[in-house]
Amino acid sequence: MSTTSETLIPQPICPRCHSGFVRRSRRTGLVDHLISSFSIYPFRCQLCKHRFHRIRKGLTFKRIDEDRREYERLPVNLTTTFTIGTVRGQGGVKDISMAGCSLGTETYLEVGDILHIELQLPNQTDPVDIEAAILRSAYSNHARIEFLRFESGNRERLQHYIRELISDAPSRKA
Ligand SMILES: [Zn+2]
C-alpha cells in the first residue's frame, strides 16, 4: 500500500489546514516537471485536498516511487445506502479517502452514474450525506466512487472521521 522510500522522508505540513497527512502528488504538466529538477515537488493534502509545492532538497524522487493514487485509501468497514434516480440500494465500503470510496453492492450500476450516498459512520446517528458522487469504474459488484459534492457540513464530518482513522492507527506507514 505504501512505497518504500517515502516512509523515510519527513512529510511536509499542509499550509492550509496544518495536517501532516499529505502525500506526494503526481507531477502534471510542464511546470511540475520543470521545477522538479530544482527539487520542488507537488504534494496533496489528504484532508482538505489542497495541492502545494515544497522543496525536497537532497532527495531524489524516482518515477517509480510516484504512486498512481493521489489519495491514500484507508481501510474501513462501513455500510451505506444510496439512491440513483428512483432506485435505492445498499452497499459496503471497504476503503475511503476524502476523494472517494469503494462500493460493494448488488445493485446494478454503470460507469458515469451519479449517486446520492448516505454513509453510516461508526457511533454516529446521522449518516454523512454525500449529495453527489460519480461511479468511476466497476468490476462485477465492486465499484469505485468519486465524491463530487457534500451536503453542508458533511465534508467536515468526513474529514473529522478520517483524521480519527489516522490517529487511531499509529502503526500506519506514511
Ligand atoms: Zn490540508
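Guide: Glu 106 sits in the loop between β6 (100-105) and β7 (114-120). Residue numbers start from 1 along each chain as its sequence is written. The model is predicted, with local features needing pLDDT of at least 70 and side-chain atom pairs counting only at pLDDT 80 or more, while totals for chains, interfaces and linings use all residues.

Visitor: Is Glu 106 buried or exposed?

Guide: Glu 106 counts as exposed because it has 9 C-beta neighbours inside 10 Å. The cut-offs on other C-beta atoms within 10 Å, placed from the backbone, are 20 or more for buried, 12 or fewer for exposed, and partly exposed in between.

Visitor: New topic. In what order do the six strands close into a barrel?

Guide: β4-β5-β6-β9-β8-β7, with antiparallel pairing. Two strands pair if DSSP finds at least two bridges between them.

Visitor: How many bridges join β4 and β5?

Guide: Nine, between residues 74-84 and 87-96. Thr 81 stands opposite Gln 90 in β5.

Visitor: And what about β2 and β3?

Guide: Strands β2 (residues 40-45) and β3 (residues 51-55) are antiparallel over five bridges, and Phe 43 stands opposite Phe 52 in β3. Five residues lie between the strands of that hairpin, where Lys 49 takes a positive phi near 70°.

Key
Helices (H or I, at least four residues) and strands (E, at least two) are DSSP runs, numbered from the N terminus.
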